[in-house]
Amino acid sequence: MRRLYLLVAVCAGLSVAGCDSDSPVEPQSPALTAFSRDVGSGLSATAISPSEIDVAWPRSSSPVNNYQVFRSATGATGTYSIIATTAATATGYADLGLTGSTTYCYEVRSSRTTGKTITYSAYSAAACATTPTPPINAPSRVDVVPLPNGWFVDQFNSLVRVSWTDNSANEDGFRVEHASAPTGPWTTGSWPESVTTPANVTSLGQSGEREKQVCFRVIAFNAVGVSNPSSADCTTPPANPTNLLAKATDGQSINLTWTDNSAVEDGYKVSRLDAAGTWADIAILPSNTVSYRDAGVTVDRTYTYRVQGLKDGGFSDYTNESVAVIPTKPPAAPPGATAGYWADNEYGWLYFDVAWTDAANNEEGFRIEVSGDGLTGWQTYTTVAANLTSFQDKLSLWDNVGARGGCYRVVAFNGAGVSAPSNVTCTEWGNRPTNLTVTAADQQSINLSWTDNGMFEVGYVVFRSTDVNRPYDFVAETPPNVTSYHDTGLASGQEYWYFIAADFGSYSIYDSFNYSDFASATTLSATTSAALSVRSSRTVVNSHLTPIRIRARLTLQDVRARYNATTGPSLPRARQR
């Protein structure tokens with residue numbers, strides 16, 4: 001009996017021809033239909049390529065509404081399924097996406113609708129064709145594996161690695177198609193529907209939605225044609241475990257708990273950070289596990305843990321890292337604390353960095369404290385995890401960030417108590433010198449004075465140029481709290497421009513937010529007086545927007561490169577208390 005897969009109209013109490021016990025899909029007698037037109041034996045099937053067969057039939061001499069095309073991959077007497085419905089004017093159909101070296105058979109019939117009556121012709125005689133052998137060998141051994149994201153935790157999507165074996169020596173590349181099931185339907189368009197790779201590539205990174213199956217197959221291609229598709233492989237990326245908590249429950253072990261958010265994981269992997277700073281896997285657990293007891297621990301040693309879901313030989317993203325220690329004493333104090341600000345005018349960020357040395361091996365974390373004067377009123381600024389030696393905060397310069405400053409220290413803590421505090425380091429940003437006055441003293445010198453607005457400056461740096469827009473030269477750095485400078489060795493009758501940079505440590509002297517306005521004076525000549533020279537002084541307001549060129553200065557790229565080259569900020573020490 002022929003098996004057919006059609007959407008048919010349901011008879012709702014209507015006496016319509018074709019809607020009775022005799023199926024309208026396969027009419028059994030001419031009397032049951034108002035119209036019957038046999039396409040006859042004129043059907044033909046022609047293999048065009050390894051992936052295409054064109055089916056053709058003669059035009060009907062009687063009115064029809066459409067033609068239905070059926071296909072069998074099990075021979076002329078096998079099981080047929082409808083693959084297309086064409087227009088009434090059609091006399092052919094191109095069947096695409098076929099497999100090479102495979103025989104396909106086709107039958108066609110016409111249909112006509114008169115009112116509510118649907119009538120069908122008899123089926124044509126079967127026409128068969130065999131697709132030719134593809135011009136290129138198909139890839140094989142496709143393997144689809146979920147992978148963790150190395151940059152951030154993605155709650156909704158997972159990286160997926162698709163790999164395969166290249167069995168051809170003449171491909172121009174590979175097309176990687178995906179579907180939600182191993183039987184398709186497969187994407188065949190351009191990215192993101194499908195992706196192509198160059199020749200000889202055997203793996204590709206893709207993505208898949210968590211907790212949903214995704215399947216891939218690979219097709220090789222060259223200028224002549226395409227290979228048969230590879231066998232499909234599928235995976236279901238698991239949802240990430242979350243809320244990892246490590247806690248010392250007794251004097252001999254650390255207990256871990258987490259939330260299982262997946263219904264498809266194969267299991268869980270527990271990893272621990274060792275004393276050398278290397279992650280080591282310590283347990284592989286069955287699916288649905290939500291806890292683990294680590295008994296292989298030593299007192300007064302910090303342990304950091306993380307957990308991953310396992311699936312099809314791959315992994316979810318990691319949980320948060322969680323730290324625990326079995327303490328018998330408070331941790332050692334962290335020495336070498338430094339703090340500093342630097343502004344990235346190009347991207348509009350103000351960065352605040354604190355760095356220190358981790359001198360303990362049993363801390364649960366570090367607490368950064370802040371005080372207005374470095375002596376009293378200490379408050380918690382933030383806390384960070386164990387084993388870290390730096391902290392960075394950033395603020396948007398577009399939010400009109402005002403002057404900032406304070407004193408900072410770092411303490412380590414665990415369940416047994418807190419360490420002694422680190423040294424105190426004080427820094428600030430934006431408290432620039434104001435009221436810069438520049439006055440010619442004589443033919444070879446100029447006097448400068450300004451208002452000291454800083455609390456924790458290391459000193460003030462004097463810069464000079466012969467033109468307000470030309471590069472400035474470093475002249476001198478004064479001690480803190482100084483408000484004047486006498487610049488000597490100048491040419492007579494020459495105008496000199498100046499600005500003062502507050503040095504708050506770090507890279508502050510290259511930050512225009514720490515610069516005064518610009519002011520100039522002209523040294524006396526044999527024909528000028530001091531009074532005329534004073535009246536000829538000029539001032540230009542520092543807008544912070546125009547780059548100021550300083551000879552041999554560090555560029556912003558130098559600052560970024562120096563920062564990124566270290567595991568934590570490598571900053572000159574700010575003013576210490």
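Predicted model: local features only at pLDDT ≥ 70, side-chain atom pairs only at ≥ 80, totals over all residues.

Reader: Which residues does Ile-368 touch, not counting residues up to four places away in sequence?
Author: Ile-368 belongs to the residues that touch the most other members of the largest nonpolar core, a set of 19 residues. Strand S26 (365-371) is one of the elements that give two or more residues to this core. Leaving out residues up to four places away in sequence, Ile-368 touches Val-354, Trp-356, Gln-379, Thr-380, Tyr-381, Thr-382, Phe-391, Tyr-408, Arg-409 and Val-410.

Reader: How many disulfides does the count come to?
Author: A pair of cysteine sulfur atoms counts as a disulfide when the two lie within 2.5 Å. Cys-105 and Cys-128 are joined with an S to S distance of 2.0 Å, the sulfur atoms of Cys-215 and Cys-234 are 2.0 Å apart, and Cys-407 is joined to Cys-426 with S to S 2.0 Å. By this rule the count comes to three.

Reader: How many residues apart in sequence are the parts that Cys-105 and Cys-128 tie together?
Author: The disulfide between Cys-105 and Cys-128 is right-handed, because the torsion about its S-S bond is about 105°. Cys-105 lies in strand S6 (residues 103-114) and Cys-128 in strand S8 (residues 127-130), so the parts that this pair ties together are apart in sequence by 23 residues.

Reader: In which strands do Cys-407 and Cys-426 lie?
Author: Cys-407 counts as buried at 0% relative accessibility, and Cys-426 likewise counts as buried at 0%. The pair ties together parts that are 19 residues apart in sequence, because Cys-407 and Cys-426 lie, respectively, in strand S29 and strand S31 (residues 425-429).

Reader: What is the pairing when the bonded cysteines of the protein chain are numbered in sequence order?
Author: The bonded pairs are Cys-105 with Cys-128, Cys-215 with Cys-234, and Cys-407 with Cys-426. Numbering these bonded cysteines in sequence order gives the pairing 1-2, 3-4, 5-6.

Note on methods. Residues numbered from 1 in each chain as written. Heavy atoms only, no water. Core = buried A, V, L, I, M, F, W, Y, C linked by side-chain atoms within 4.5 Å. Buried < 20%, exposed > 50% of the residue type's maximum accessible area, 1.4 Å probe, protein only. Helix = DSSP H or I, 4+ residues; strand = E, 2+ residues; numbered from the N terminus. Contact = heavy atoms within 4.5 Å.
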